[in-house]
Amino acid sequence: MSDASAYTPPKVWTWDKENGGKFANINRPVAGATHDKELPVGRHPLQLYSLATPNGVKITVMLEELLALGHSGAEYDAWLIRIGEGEQFGSGFVAVNPNSKIPALLDRSGPTPIRVFESGAILMYLAEKFGVFLPTDTATRAECLSWLFWQMGSAPYLGGGFGHFYAYAPSKIEYAIDRFAMEVKRQLDVLDRRLADSLYLAGKDYTIADIAVWPWYGGLAKGVLYGAGEFLSVQDYANVQRWAEAIARRPAVQRGRMVNRVSGELSSQLHERHDASDFGTKTQDKLAAPG
Ligand SMILES: N[C@@H](CCC(=O)N[C@@H](CS)C(=O)NCC(=O)O)C(=O)O
């Protein structure tokens with residue numbers, strides 16, 4: 001690894017496969033499939049291909065919230081995509097998401113399957129399909145979509161910027177960590193000021209804006225992202241703390257967080273979800289138990 005301050009970019013960038021840090025095995029400068037692999041298909045109308053990262057959790061929380069409201073059309077099979085092993089580059093996955101990132105959804109409820117990729121698009125698609133969690137009056141809907149798209153634009157600074165340089169980069173680069181810590185603290189303050197005036201991001205009701213923002217900024221506020229709670233003084237954002245805790249108490253959120261999870265307590269890991277009863281019978285502690 002060269003000294004960051006001594007690096008002079010060459011005239012033309014070339015791909016140094018040995019220099020990618022933690023994600024060297026999956027990062028590539030080209031798109032498309034690397035291998036042929038069909039995706040599995042289960043019995044439910046909705047097929048989700050995902051992993052329990054913050055982006056993945058948004059969708060399993062949304063589906064569990066829909067089911068909790070009695071929308072049986074939201075029954076889903078959740079299949080695990082191990083991105084560390086490059087499964088997002090299989091031909092079947094690329095056909096559902098040409099961007100090769102989880103989460104990806106296939107709606108097979110109609111005569112022709114509909115693919116949806118990008119977590120924000122999936123949340124809107126589901127909210128419109130079932131008529132919930134996206135307000136219908138013009139002003140509140142505008143507020144909801146504003147915060148939804150705020151998340152899409154902001155979280156890459158948190159994940160790809162701050163999280164990458166603070167937790168994953170092969171060396172600690174002060175300039176990069178400082179730059180992104182400043183931006184992430186500004187973002188937390190943006191949320192904190194909004195949540196000082198409003199119970200939830202769009203107003204008095206819980207919406208897809210909260211479902212999108214919570215796995216990233218709620219996780220950060222509770223110190224579960226990048227182990228950076230103390231570094232960023234997250235306890236100072238009292239309104240974000242109040243909001244994050246209220247959402248964490250929702251039973252659908254607690255279930256959604258478990259789906260496609262491959263780390264943490266074995267009892268919190270439900271690698272695949274094909275039925276509501278799986279939460280009680282198919283977590284890793286139960287599957288690993290003898291007899
Ligand atoms: N903007 C996308 C981001 C999705 C994303 O970055 N997914 C990550 C996991 S959190 C991924 O699949 N990474 C695999 C890769 O980059 O190859 C969304 O919101 O759906």
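This note concerns salt bridges in the predicted model above.

1. Basis. The model is predicted, so local features need pLDDT of at least 70 and side-chain atom pairs count only at pLDDT 80 or more, while totals for chains, interfaces and linings use all residues. Residues are numbered from 1 along each chain as its sequence is written, and side-chain values use heavy atoms, with hydrogens and water left out.

2. Total. The structure holds 13 salt bridges (a side-chain nitrogen of Lys or Arg within 4 Å of a carboxyl oxygen of Asp or Glu).

3. R255 and E64. These side chains form a salt bridge with an N to O distance of 3.0 Å. R255 belongs to helix α8 (residues 251-256) and E64 to helix α1 (residues 54-68), 191 residues apart; helices are DSSP runs of H or I, at least four residues, numbered from the N terminus. R255 is partly exposed at 26% relative accessibility, whereas E64 is buried at 3% (buried: under 20% relative accessible area; exposed: over 50%; partly exposed: in between; 1.4 Å probe, protein chains only).

4. R273 and E64. E64 also pairs with R273, their closest N and O atoms being 3.3 Å apart. R273 lies in the loop between α8 and α9 (278-281), 209 residues from E64. R273 is buried, at 0% relative accessibility.

5. Network. Salt bridges link E64, E75, R255 and R273 in a network.

6. R250 and E65. A salt bridge of 2.8 Å, N to O, joins these side chains. R250 lies in the loop between α7 (238-248) and α8 and E65 in helix α1, so the pair ties together parts 185 residues apart in sequence. R250 is partly exposed at 25%, and E65 is buried at 5%.

How values were computed. Helices (H or I, at least four residues) and strands (E, at least two) are DSSP runs, numbered from the N terminus.
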